[in-house]
Amino acid sequence: ASLGFDSMSMSMSIAALAKPIVNPSRAGRRAPARRVGPCVRARASSGPQWSTDKTLYGEEKIDLKEGERLHVSVPATSANMGPGFDSFGFAVDLENELVLERGAFEMDIYGEGEKTLPRDESNAIIAAVRDGYAAIFPDEKLPVHDIKFTSINRIPPARGLGSSSAALVAGLAAGLALAGQDLAAPQTKQLLLQLAADAEGHPDNVAPAIYGGFQVSINTGLPGMRKWVTQAIKLPTGMQAVLFIPEFESLTSETRAALPKEIPVTDAVFNISRAAMLINSFATDNFEALRYACQDVIHQPIRGADFPLKELIDAALSKGAHGAFLSGAGPTVLALTGGHGSDVDADTMVTFLAVEVADAMLAAAEANACAGRAVIAQPSAVGVACHKEDASTPW
């Protein structure tokens with residue numbers, strides 16, 4: 001499904017969903033009161049209920065037993081896609097995994113960030129797990145001291161591939177699952193989107209991390225009814241994402257602070273017109289316009305000022321890439337190739353063109369003293385996935 005350079009591995013897993021918890025009735029005894037979260041309470045009084053709603057019963061309020069393992073996977077994401085600042089994003093078939101088991105607290109980390117990320121309760125994943133659980137049981141405190149966490153990271157941090165969003169979504173999803181929620185249910189994903197986008201302040205990474213594919217997201221902005229809404233745009237079959245990942249890191253908070261608070265109308269028109277053309281190009285499989293539709297004047301000129309962004313984009317386009325752009329806040333540069341319905345596993349031309357683009361980007365980076373690596377990946381239709389398995393199962 002993907003080719004890696006410099007020994008970077010990629011994997012994708014789609015797992016079965018956890019079975020619902022059932023409260024056995026007892027003859028002659030009154031059933032215990034339901035524990036319901038704030039989202040369910042709101043539906044009971046002011047909105048519809050879902051046929052898939054379920055809550056936990058009894059004294060045990062953690063849906064994870066001794067001998068079970070909760071496994072969550074979240075894909076990398078590429079946000080903005082040029083003109084779609086804070087609104088566009090798609091998932092890439094490179095993923096992080098989070099595994100939870102009952103036992104004394106540990107935070108094991110493997111892969112990216114294993115030498116720098118905290119291994120105690122200050123880790124951002126732990127806070128997200130607590131927040132996800134509290135969304136269902138606001139009056140309960142999740143006993144994380146009884147849970148062992150293992151984080152397997154393949155998404156490089158601070159490179160514009162949604163590593164922080166993946167950690168946030170993985171943690172929130174795990175917390176919701178521990179509270180007995182089905183991550184495949186539409187209302188659970190809707191709640192997860194609200195929690196994650198509220199925490200991030202923008203939905204461009206978290207929406208595709210949750211739903212997969214190419215997502216266009218907005219906030220309704222209505223007084224008292226602010227909600228995050230996302231819609232999927234068709235992903236072309238056989239499309240490849242060629243990534244040039246520089247060695248240096250770039251923090252989103254720092255690059256965002258450098259952006260202007262106001263922009264000229266001409267710049268707004270420039271981006272709006274190209275954003276519309278980008279969506280139409282994906283919807284119609286008409287990729288000839290993507291070299292223009294991926295252009296941006298709002299954030300890329302500022303975020304790409306300190307490294308050869310233009311040279312990398314020009315190199316990709318010169319070798320046949322449909323379009324190229326800064327991935328998220330950078331510094332990763334992503335070029336789109338393929339997508340005309342070819343079978344990536346059987347069509348060598350698709351692979352050949354992707355390699356040509358990767359080589360051109362590596363050459364441009366070397367010529368401009370920008371160290372990094374190239375990775376050929378694919379857009380992924382799969383978002384966050386969660387399942388339970390026997391803890392003795394090898395993984």
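Because the model is predicted, local features need pLDDT of at least 70 and side-chain atom pairs count only at pLDDT 80 or more, while totals for chains, interfaces and linings use all residues. Residues are numbered from 1 along each chain as its sequence is written, and side-chain values use heavy atoms, with hydrogens and water left out.

Let's start with the whole chain. It has 11 helices and 12 strands; these are DSSP runs numbered from the N terminus, with helices being H or I of at least four residues and strands E of at least two. Of the 395 residues, 51% are buried, where buried means under 20% relative accessible area, exposed over 50% and partly exposed in between (1.4 Å probe, protein chains only). Contacts (heavy atoms within 4.5 Å) reach across the sequence: among those with a separation of 6 or more, 76% are between residues 24 or more positions apart.

Next, look inside. A nonpolar core here is a set of buried Ala, Val, Leu, Ile, Met, Phe, Trp, Tyr and Cys residues joined through side-chain atoms within 4.5 Å. The largest one has 72 residues, and Val 72 and Leu 178 have the most contacts inside it. Helix 3 supplies the largest share of this core, 10 residues. Beyond its neighbours within four places in sequence, Val 72 is in contact with residues including Asn 96, Leu 98, Ala 170, Ala 174, Val 384 and Cys 386. A second, separate core of 24 residues includes Leu 309, Ala 316, Ala 335 and Cys 370.

That brings us to helix 10 (residues 309-318), where Leu 309, Leu 312, Ile 313, Ala 315, Ala 316 and Leu 317 are buried. Among the elements covering these residues are strand 8, helix 8 (290-293), strand 10 (333-338) and helix 11 (348-367). An α-helix has 3.6 residues a turn, so residues three or four places apart point the same way. After helix 10 comes Gly 320, with a positive phi near 105°.

How do helix 10 and helix 11 cross, and at roughly what angle? Their axes come within 8 Å and cross at roughly 150°; axes are lines fitted to C-alpha atoms, for helices over the stretch in contact, and angles run from 0 to 180 degrees between N-to-C directions. That makes helix 10 roughly antiparallel to helix 11, since angles over 145 degrees count as roughly antiparallel, under 35 as roughly parallel, 65 to 115 as roughly perpendicular and the rest as oblique. On the helix 10 side the contact is made by Glu 311, Leu 312, Ala 315 and Ala 316, and on the helix 11 side by Val 357, Ala 360, Met 361, Ala 364 and Ala 365.

Finally, the charged pairs. The structure holds 10 salt bridges, each a side-chain nitrogen of Lys or Arg within 4 Å of a carboxyl oxygen of Asp or Glu. One joins Glu 68 and Lys 388, with the closest N and O atoms 3.5 Å apart. This pair links distant parts of the chain, strand 2 (residues 68-79) and strand 12 (residues 385-390), 320 residues apart. Glu 68 is partly exposed at 21% relative accessible area, and Lys 388 is partly exposed at 21%. Asp 63, Glu 68 and Lys 388 are linked in a salt-bridge network.

Another salt bridge pairs Arg 159 with Glu 249, again with a closest N and O distance of 3.5 Å. Arg 159 is buried, with a relative accessible area of 10%.
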